[in-house]
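I opened this model to take notes on its chains, one look-up at a time. My entries follow in the order in which I made them.

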Amino acid sequence: MKREIISLQDVTFTYATDDSNVRPALNNVSYTIYESQWVAIVGHNGSGKSTLARLMNGLLFPQTGTVRVFGETLNEQNLWETRSQMGMVFQNPDNQFVGATVQDDVAFALENNGIPFEEMVERVEASLAKVNMSEFMNSEPHHLSGGQKQRVAIAGAIALKPKILLLDEATSMLDPQGREEVLATVRQLKEETDLTVISITHDLEEALLADRVIMMNQGEKYVEGTPEEIFQKGQELVDLGLDLPFAMNISRLLRAQGIPLVADHMSEEELVNDLWTSHFNK
Amino acid sequence: MLEKMIFGRYIPGDSFIHRLDARAKLIFVFLFIAIVFIANNWITYGVLVVFTFLIIRMSKIRLYFLINGLKPVVILIIFTFLLHLIFTREGDVIYHWKFITIYEEGLRQGIFISIRFFVLVILTSILTLTTTPISITDALETLLNPLKKWKLPVHELALMMSISLRFIPTLMDETDKIMKAQMARGSDMTTGSLKERMNAIVPLLIPLFVSAFKRAEDLATAMEVRGYKGGEGRTRYRKLEWELRDTITMFSLVVLAGVLVFLRQ
């Protein structure tokens, strides 16, 4: 049995506004994330998924319910300790770059946590090596591409050797190439260490990489399961305003044209395999 | 236009001057400003000029580049030179034409002030040309550190400065983008009267401000998540190291001051 690392119980959160009949951003949400898992939280805009990210690292506190991180209820006292164990990467690559150069930015969290100088130098080098950005150590942010900036942000997040890496729409502002770079980096990190990855995204392709998917809709947990289980729902996902992965869309269209496929395939490889073997099955 | 500006630009290099501790360079420039005022005759000003050229040589910045970049200041220097030339009324008359009378003392003062000006501008430019903005910020922070006792928020000021410097290129890009977007919508920013052009800037500034605030908010969140809680208990990644060469540089300044005091009238 794997150890629980983050758990939300009956969490309700409403943003403070003057409007009294505003819908809560989150309504009675409960889930548990276990160690070393890759969990994707998906949902369209306004489904409450970004609010979840802010609740998990104490930027916001729920009105009712509890958020437990590392077995302890998150509160003002253990907030900073928790944050040092949780690296976070945000959506906009420019707005989270604090340092004047790549290495300064990676060192920022280390400086904040009072890591001694000698160790800091080692960790900055190691973190940059892990995201393949060592050669850009002295570059300034405006000379980097979006994907490179996000990789620096990941290096900055993992420099503190956190147990959790939280990606809040980290790839949504990148071009396809930058997105691929970032996802490859996260996948590689996941293999090398026993990092728990939580990626919040509206991109179902990204969700495919996860071990488990939690789907949010209108501030409530809609469904939870493995990517296979989730994508079985096909049309339901489309109705919720999510884009199906490319291979899946093609499968559905092919089947609609009467081509006998075994199932709706999630990955391109499965689809291609099914297509080129389909004649043998007759 | 911005390309030609030399102030606040950093030119990467590996000269003796580049490798000096930023604190040494800052103190050096401040003390030098004071020392310049010791000079009061031809020999002492000559010493200053030689000293300055020595530093230019050591910084390995091309003289042509330096002079070219200082053109806007040269106009100012010529202006002060002329002021002194015309308005000082001491010593023998050396030239007289209609209402303009030039005295010997005026010429002398004009040349001296120009040299003083020139030497100061060259040295401060060399400081910024050979030191990264981030090192200057760091140096300022450490040098001003004692003022913390009087509740001066030194760390916060330094952080503000480095973040502002970091965001200049980002906001420049943004301005460029907004400008193009507005031009694509038919906004005309390059023609018309001054008033019309001023009005055309408004649709440029408002989106820029809105986005700057959005960025500031995002940045604050990102900093908080990465454990920023003020200067307390923070370690520093950038280490300034005072080495022998820095002490030697300081010593050269003492020698210069000594020579000037000895040679002045």
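**Entry 1: overall form of chain B**

I started with the radius of gyration of chain B, which is 24 Å, whereas a compact globule of 265 residues would have one near 18 Å. I keep in mind that this is a predicted model. I then looked at the box filled by the C-alpha atoms of chain B, and it is roughly 70 × 55 × 40 Å along the principal axes. Next I checked burial. Buried residues make up 21% of the 265 residues in chain B. I also looked up the contacts in chain B with a separation of 6 or more. Residues 24 or more positions apart account for 75% of them.

**Entry 2: elements and domains of chain B**

I counted ten helices and two strands in chain B. Then I turned to the domains. Chain B has a domain 1 made of 16-131 + 241-263, and a domain 2 that covers 147-225. Their centres, taken over C-alpha atoms, are separated by 36 Å.

**Entry 3: a helix pair in chain B**

I picked helix α2 (residues 22-36) and helix α10 (residues 244-263) of chain B. Their axes come within 10 Å and cross at roughly 5°. Angles under 35 degrees count as roughly parallel. α2(B) and α10(B) are therefore roughly parallel to each other. Which residues of α2(B) and α10(B) make the contact? From α2(B) I noted B:Ala24, B:Phe28, B:Leu31, B:Phe32 and B:Ile35. From α10(B) I noted B:Asp246, B:Thr249, B:Met250, B:Leu253, B:Leu256, B:Ala257 and B:Leu260. I sorted the residues of this contact by class: ten are nonpolar, one is polar and one is charged.

**Entry 4: overall form of chain A**

I moved to chain A and found eleven helices and ten strands. The radius of gyration of chain A is 20 Å, close to the 19 Å of the globule rule for 282 residues, so chain A is as compact as a globular protein of that length. The C-alpha trace of chain A spans about 70 × 50 × 40 Å along its principal axes. For burial, I found that 45% of the 282 residues of chain A count as buried. Of the contacts in chain A between residues at least 6 apart in sequence, 66% join residues at least 24 apart.

**Entry 5: domains of chain A**

I looked up the division of chain A: domain 1 is 1-85 + 164-227, and domain 2 is 92-162. The centres of these two domains of chain A, over C-alpha atoms, are 23 Å apart. Their contact takes 14 residues from domain 1 and 15 residues from domain 2. On the side of domain 1, β7 (164-168) and α6 (176-192) of chain A are the elements that give two or more residues. α6(A) gives the most to that side, with six residues. I classed the side of domain 1 as seven nonpolar, five polar and two charged residues.

**Entry 6: where the chains meet**

I finished with the contact between chain A and chain B. How many residues does the contact take from each chain? I found 29 residues from chain A and 26 residues from chain B. On the side of chain A, the elements that give two or more residues are α2 (79-84), α3 (102-112) and α4 (117-130). α3(A) gives the most to this side, with seven residues. By class, I noted 15 nonpolar, ten polar and four charged residues on the side of chain A that touches chain B.

Notes: Residues are numbered from 1 along each chain as its sequence is written. Chains are lettered from A and ligands numbered from 1 in the order in which they are written. This is a predicted model: local features need pLDDT of at least 70, side-chain atom pairs count only at pLDDT 80 or more; totals for chains, interfaces and linings use all residues. Axes are lines fitted to C-alpha atoms, for helices over the stretch in contact, and angles run from 0 to 180 degrees between N-to-C directions. Helices (H or I, at least four residues) and strands (E, at least two) are DSSP runs, numbered from the N terminus. Angles under 35 degrees count as roughly parallel, over 145 as roughly antiparallel, 65 to 115 as roughly perpendicular and the rest as oblique. Two residues are in contact if their C-beta atoms, placed from the backbone, lie within 7 Å. Ala, Val, Leu, Ile, Met, Phe, Trp, Tyr, Cys and Pro count as nonpolar, Asp, Glu, Lys and Arg as charged, and the others, Gly among them, as polar. Domain bounds come from an automatic or database domain assignment. The radius of gyration is taken over C-alpha atoms; the globule rule is 2.2 Å times the number of residues to the power 0.38. A residue is buried if 20 or more other C-beta atoms lie within 10 Å of its own, exposed if 12 or fewer, and partly exposed in between; C-beta atoms are placed from the backbone.
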